[in-house]
Amino acid sequence: MFDSAEQIPGVSAVCGREEIGENAFSLKPLQYIRRTGEKEIQSGITLEEIAQIVRGSQLLKKSDIKESGAAFFINIKDIQNARLEFGQADRIQRTSSVCKAKFRISKDDILLTSKGAVLKAAIVEANPPEAYISGNITMIRVDQRKYDPYVLFEFLISEQGQIALERIQSGTTIRIISNASLQTLKVPNYDLARMKQIGGQLRRNQERYYREITEATTRFQKERGRLLDELEELT
């Protein structure tokens, strides 16, 4: 029996049985203690209401990995700087047991690491190659009649979103996010028409950014090669 209790942001929280019950009676402190200055989602909607959530395949065999494979098998290492990179991804044969439609990525899918020490996320860009996700990756496929994928992606990689994801992780050394936990994750709810307008702008902004990076890299490599050729001629 407690005579009194004090709730201090970032240090302690006072919770009733009902609130703890909503979190499946978890006593993980991070699920209840709010950080100083942290914003709460006032008008929220759960992820399961706006998206399909799929955990990747865990059936890959070493014999499935082939350098000449026609498809890619996406793992944690293939998400870099909030972008999906295929350069070092494993190649697999289309006959592999992991090559099922439900594991195949599509444009606008959000990929989130579901296992590991660091939370990473990427959104699939237009015209992706044939690729399938591993069991360390969760795919969030947004119902675009209800929500915008780019708006959701920006929330998930924001400080607020990262804190929300940390709260639903289980484990200590190896952190895991289950589908069940993701389904109950609350995200901000916006006016749909306005959200789609902003989402479209976010998409175009990202596409322009990556295009300009590619063009700048090409110019750099071309000029570098020219200068090195000139240097070689001096020897």
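Visitor: Which residue stands opposite Gln52 in E11?

Guide: This is a predicted model, and within it Gln52 faces Arg141 of E11. In general, strands of a sheet pair through backbone hydrogen bonds, in a parallel or an antiparallel sense. Here E2 and strand E11 (residues 137–142) are paired in the antiparallel sense over five bridges. Another residue, Ile53, stands opposite Ile140 in E11.

Visitor: In what order do the strands of the open sheet lie?

Guide: The order is E2-E11-E7-E9, four strands with antiparallel pairing. Strand E2 (51–55) and strand E9 (121–123) are at the edges with a single partner strand each, so one side of each has no neighbour in the sheet. On average, neighbouring strands are turned by 20° against each other, direction ignored.

Visitor: Over how many bridges do E7 and E11 pair?

Guide: E7 and E11 pair over four bridges, in the antiparallel sense. Leu112 stands opposite Thr138 in E11. As for cover, five of the six residues of E11 are buried.

Visitor: Why is helix H3 described as largely enclosed by the rest of the structure?

Guide: The reasoning rests on a cut-off: a residue is buried when its relative accessible area is under 20%. Helix H3 (residues 149–157) has seven buried residues out of nine, so it is largely enclosed by the rest of the structure. The buried residues are Pro149, Tyr150, Val151, Leu152, Phe153, Phe155 and Leu156.

Visitor: Which residue caps the N-terminal end of H3?

Guide: Asp148 is the cap, with a side-chain oxygen 2.9 Å from the backbone nitrogen of Tyr150.

Visitor: How many salt bridges does the structure hold?

Guide: There are eight salt bridges. One of them joins Glu125 to Arg83, with 2.7 Å between the closest N and O atoms. This pair links distant parts of the chain, 42 residues apart: Glu125 is in the loop between E9 and strand E10 (131–133), and Arg83 is in strand E5 (residues 83–84). Glu125 is partly exposed, at a relative accessible area of 26%.

Visitor: Are Asp108 and Arg203 buried or exposed?

Guide: Both Asp108 and Arg203 are buried. They form a salt bridge whose closest N and O atoms are 2.9 Å apart. Asp108 lies in the loop between strand E6 (90–92) and strand E7 (110–113), while Arg203 lies in helix H6, so the pair ties together parts 95 residues apart in sequence.

Visitor: Where do Arg226 and Glu223 lie?

Guide: An α-helix has 3.6 residues a turn, so residues three or four places apart point the same way. Arg226 and Glu223 are both in helix H6, three residues apart, or about one turn of the helix. Their salt bridge has its closest N and O atoms 2.5 Å apart. Arg226 is partly exposed at 38% relative accessible area, and Glu223 is also partly exposed, at 36%. Together with Glu230, Glu223 and Arg226 are linked in a network of salt bridges.

Visitor: Which residues form a nonpolar patch on the surface?

Guide: Leu228, Leu231 and Leu234 form it, and together they have about 330 Å² of accessible area. Leu231 belongs to helix H6 (residues 192–233). With a relative accessible area of 52%, Leu231 is exposed, since the class begins over 50%.

Definitions and conventions:
Residues numbered from 1 in each chain as written. Predicted model: local features only at pLDDT ≥ 70, side-chain atom pairs only at ≥ 80, totals over all residues. Heavy atoms only, no water. Pairing = 2+ DSSP bridges. Helix = DSSP H or I, 4+ residues; strand = E, 2+ residues; numbered from the N terminus. Axes fitted to C-alpha atoms, helices over the stretch in contact; angles between N-to-C directions. Patch = residues over 30% accessible without salt bridge, like charges linked within 9 Å, V, L, I, M, F, W, Y side chains within 5 Å. Areas by Shrake-Rupley, 256 points an atom, 1.4 Å probe, with all protein chains shown as cover. Salt bridge = Lys/Arg side-chain N within 4 Å of Asp/Glu carboxyl O. Buried < 20%, exposed > 50% of the residue type's maximum accessible area, 1.4 Å probe, protein only. Polar contact = N/O pair within 3.5 Å; in protein donor to acceptor, adjacent residues only side chain to side chain.
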